[in-house]
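Hello,

Here is the structure I promised to pass on. My notes follow below it.

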Amino acid sequence: TGPVGSGKSTLLKTISAEVPLTQGSAHVLGFDLTHIKSKDLPKLRRRLGIVFQNFQLLPDLTVQDNLDIVLRAFGVSRSSERSSRIEEALRDVGLETKSYKYPHELSGGEQQRVALGRVLYRRPPVVFADEPTGALDERSGAVVIELLARAARAGTSVLMVTHDPAVAAAAQEVLVLRDGVIEERLSRPTAARISHLTARGGERA
């Protein structure tokens with residue numbers, strides 16, 4: 001977490017190899033980001049799950065088809081297996097009755113839950129969430145955070161970017177960034193503590 005312009009999203013893009021690493025070193029899922037080759041980028045990204053603030057659902061496809069197209073892309077050829085995994089994913093995010101709906105027929109919170117289900121049903125070892133509650137009301141945001149927390153309890157590593165202290169406080173560990181530098185590393189901090197740290201020196205941010 002950190003104020004606007006502190007480098008949160010850039011950090012996320014760097015460790016997902018969208019932005020080149022120019023200093024230091026980093027390893028993600030066995031890949032050395034300092035020396036990663038172009039041919040290895042798809043291999044890395046196929047093992048990552050990424051949740052965006054703006055959902056990125058295809059507007060002309062139903063919820064079912066939005067999930068199905070991803071499974072097809074990841075090589076799940078059997079229709080019965082895809083249907084079973086989609087049904088499980090929608091049940092996990094509480095949208096089992098919405099499979100026939102189009103994105104515009106869903107609330108923002110429901111769209112984000114579909115997007116989250118689309119990531120989690122692949123069971124990636126690591127999930128990156130870039131402001132996953134940024135476009136949601138407080139209640140819908142709380143549902144999304146609980147789904148991410150559930151994934152973390154099941155063994156998925158979740159790295160989330162947020163400017164909201166209350167959302168950040170749901171994490172086990174919080175890094176506070178400012179001007180591209182990790183300023184604080186906190187274990188299970190309160191929202192008040194995070195708010196104080198991110199506001200401190202806010203005129204520089």
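**Loop residues around helix 1**

A17 sits in the loop that runs between helix 1 (8-15) and strand 1 (27-28). Helices (H or I, at least four residues) and strands (E, at least two) are DSSP runs, numbered from the N terminus. Before going on, note that this is a predicted model: local features need pLDDT of at least 70, side-chain atom pairs count only at pLDDT 80 or more, and totals for chains, interfaces and linings use all residues. Residues are numbered from 1 along each chain as its sequence is written, and side-chain values use heavy atoms, with hydrogens and water left out.

Back to A17. Its phi is near 65°, a positive value in a residue other than glycine. A17 is buried, at a relative accessible area of 13%. The classes are buried (under 20% relative accessible area), exposed (over 50%) and partly exposed (in between), with a 1.4 Å probe and protein chains only.

S16 lies in the loop between helix 1 and strand 1. S16 counts as buried, because its relative accessibility is 3%. Its side chain reaches the backbone oxygen of K13 at 3.2 Å. Leaving aside neighbours within four places in sequence, S16 is in contact (heavy atoms within 4.5 Å) with L44, R45, L48 and F128.

Q56 comes in the loop between strand 3 (48-51) and helix 3. Q56 is not a glycine, yet it has a positive phi of about 55°. Q56 is partly exposed, with a relative accessible area of 43%.

Which residues of helix 3 (residues 63-73) are buried? They are V63, N66, L67, D68, V70 and L71. These buried residues pack against helix 4 (79-92) and helix 5. As a reminder, an α-helix has 3.6 residues a turn, so residues three or four places apart point the same way.

Helix 3 and helix 4 pack at an angle of about 125°, and their axes are 10 Å apart. Axes are lines fitted to C-alpha atoms, for helices over the stretch in contact, and angles run from 0 to 180 degrees between N-to-C directions. That angle makes helix 3 oblique to helix 4. The cut-offs: under 35 degrees is roughly parallel, over 145 roughly antiparallel, 65 to 115 roughly perpendicular, and the rest oblique. The crossing of helix 3 and helix 4 is right-handed. A crossing is right-handed if the near helix is turned clockwise from the far one by less than a right angle, and left-handed if anticlockwise.

Helix 3 brings V63, Q64, L67, D68, L71 and R72 to this contact. Helix 4 brings R82, S83, R85, I86, A89 and L90. By type, six of the contact residues are nonpolar, two polar and four charged. Here Ala, Val, Leu, Ile, Met, Phe, Trp, Tyr, Cys and Pro count as nonpolar, Asp, Glu, Lys and Arg as charged, and the others, Gly among them, as polar.

Just after helix 3, G75 takes a positive phi of about 85°. S77 is placed in the loop between helix 3 and helix 4. S77 is exposed, with a relative accessible area of 65%.

**Helix 5 against helix 6**

Helix 5 (residues 108-120) and helix 6 (residues 138-153) pack at about 10°, with axes 9 Å apart. That makes helix 5 roughly parallel to helix 6. Their crossing is right-handed. The helix 5 side of the contact is G109, Q112, R113, L116 and L120. The helix 6 side is S140, V143, V144, L147, L148 and A151. Seven of these residues are nonpolar, three polar and one charged.

A169 is in the loop between helix 7 (165-168) and strand 6 (173-178). A169 counts as partly exposed, at 25% relative accessibility. Neighbours within four places aside, A169 contacts P189, T190, A191 and I194. A169 and T1 are 168 residues apart in sequence, but 9.9 Å apart in space, C-alpha to C-alpha. S77 and A169 are 92 residues apart along the chain, with C-alpha atoms separated by 40 Å.

T198 belongs to helix 8 (residues 191-199). T198 counts as buried, at 13% relative accessibility. A polar atom of its side chain lies 3.2 Å from the backbone oxygen of S195. Not counting residues up to four places away in sequence, T198 touches T1, G2, P3, V176 and R178.

Best wishes

How values were computed: Polar contact = N/O pair within 3.5 Å; in protein donor to acceptor, adjacent residues only side chain to side chain.
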